[in-house]
Amino acid sequence: MLREVWEHRADYAYVLPAITVMLIVIAYPIYYTIELSFFKTPPGLQLRDKSFIGFDNYTAILTSEVFWKVTWNTLIWTLGSTLISFVLGFGAALALHRDFVGRGVLRAILIIPWVISAVAASYIWKWIYHSDFGIIGAVLVGLGLADRPPNFIDNVSTVLPSLIVVNIWREFPFAMIMMMAGLQTVPEQLLRAAEVDGANAWQRFWHVTFPHLRNVSTVTILLLAVANFNSFIIPWIMTGGGPSNASHIWITHIYELAFGRQRWGVASAYSVLLFLILMMLGYFYVRALTGNERKEGGA
Amino acid sequence: MTATAETAPRDRPRRRIRVEGWRWAGRVFLVFMLLYTALPMIWMLITSIKSGFAATQFPPQWWPDEPTLASYQKLLDPQNSVGQDFLRFFWNSLFVSTVTTILSVIVAVPAAYAFSRFSFPGRNFLFFAVLLRNMFPAVIFLVPLFILMRAIGLVNTHGSLVLTYLTFGLPLAIWLLKGFYDNIPVQLEQAARIDGATRFQAFILIVMPLSTPGIIATAIYSFIGAWNEYIYAYTFLSKNDQLTLPVGIQRFFSENTTDFPGLMAASFMMSVPVVVLFLVLQRYFVRALTEGAVKH
């Protein structure tokens, strides 16, 4: 083993820069987070004064009411954003697959929200949802559907769906690009053969196109799920987690615990729990990616 | 076969109707998506050319009575303090994003090449370790990185941002480029080496040109990621003259909460560079995804 490593020493030179950066910025923080999660930490970053308290941070989290509230929000946020983004993106990719006049322009416009900064997107939508001068409220009042502009963001029951709409706006183009790339790999001949054999549009989609896209779909959904699980900017800028935690998701909650209330130990314990969940998702992610290669090797 | 031939004439009109139906559904869907995508951006532009007074009226002016570019002039005027700040944030973002992009390409290209061509012990483990970086949220790394950056004296410098931004560009960059290199036949390089080229020459002269679309895609991805990044910049930088655009704009407008035209104009100008960059180079991006990531 060691001799083999030594024989390949030149090969490592190629990956060394990448691995070094990763080690500094990833491995060390992970280790440090795990360590901190077992300590009681004083406010401020005077971390020399920390004291070991075992699993107290964890029990404190799991028995708190906020934890369950935030977890529920995260679940809705992640599932809602991921599934709807995927369906909309896949639909758009299918509708854009056939050539027509203006297809390139339309595709470009649909991609723009994905490129612009989430901070800009948050401000644009915050303005659209504005409780006094927002355009949606004005339209609803104009159509006689509401007496006065509804308050989308300062309302416990509408805030999360409203933010999900913003998130999908920014995210469906990613699913669209991935699925467009996937659609190009579906062999034309197979589709034509199916058509000759009398398969209708739906049957061709379900029996030929879709099976070909299974891998891309899995990877896309997983990447979306991870990105949504980890999102921060949209809730942070638009609501800061409020009103009364109704739009706090895990990440914003951890950020507030750490940098707002300076409870580094508890925030670290939260991070470790998050980590465990992500490792499970990561397992499926790696399996989806390697599934690709294994199949290729077998064929 | 004969059965199809017999039933085909009877079936055809009905089938065409059904295909037409799907196509119409597709069109309606695209119109809906176009409205969903474009209307918020159009409203941003319309608001940005209103006066502060015109923006805060109910019902709103669908098109401003007196369109004005005052917000843009204010943001781009180096004479007043708002313009000075905005231009400085803009320059900071440009600097950080450009350095990040150049470094990511320099680091990702050899790594992807090695993952594609060589088999050394731990290759798979390292490859997936790199990919797994995508899984973890910025927040997990914030506290330790903040402490680390403070220890090595990088807090309040752009170096802290470049170092962290490198790591989220890298996984996708390496993954995309590896796909590219997998598709370039090894024989091409072998031929070059038989003709007397060194491995490095073969790499620079044969492999690099063939993977240009991948490198461009990688560069776009890194640039956009760095340009739009918020949370690290928000945590690592506190001096006003160091801020990048997303944080700078947020700081500025948390002090001027009612200047909606200004906010929309700033959001628009912050989006222009990345949108233009992406639209010009998007075909490389889609191609890189098709060839690199999806096909294999």
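In this predicted model, helix α5 of chain A meets helix α8 of chain A through Leu110(A), Ile111(A), Pro113(A) and Trp114(A). Their partners in α8(A) are Trp169(A), Arg170(A), Glu171(A), Pro173(A), Phe174(A), Met176(A) and Ile177(A). Two residues are in contact if their C-beta atoms, placed from the backbone, lie within 7 Å. The residues of this contact are nine nonpolar, no polar and two charged. Ala, Val, Leu, Ile, Met, Phe, Trp, Tyr, Cys and Pro count as nonpolar, Asp, Glu, Lys and Arg as charged, and the others, Gly among them, as polar.

Now the geometry. Residues 103-115 form α5(A), and residues 159-183 form α8(A). Helices are DSSP runs (H or I, at least four residues), strands likewise (E, at least two), numbered from the N terminus. The two axes lie 7 Å apart, at an angle of about 120°. That makes the pair oblique.
Angles under 35 degrees count as roughly parallel, over 145 as roughly antiparallel, 65 to 115 as roughly perpendicular and the rest as oblique. Axes are lines fitted to C-alpha atoms, for helices over the stretch in contact, and angles run from 0 to 180 degrees between N-to-C directions.

Next, the two chains together. Their contact takes 83 residues from chain A and 82 from chain B. On the side of chain A, helix α2 (residues 9-36) gives the most, with 15 residues. That side divides into 64 nonpolar, 15 polar and four charged residues.

Chain B itself has 13 helices and zero strands.

Residues are numbered from 1 along each chain as its sequence is written, and chains are lettered from A, ligands numbered from 1, in the order written. Local features need pLDDT of at least 70 and side-chain atom pairs count only at pLDDT 80 or more, while totals for chains, interfaces and linings use all residues.
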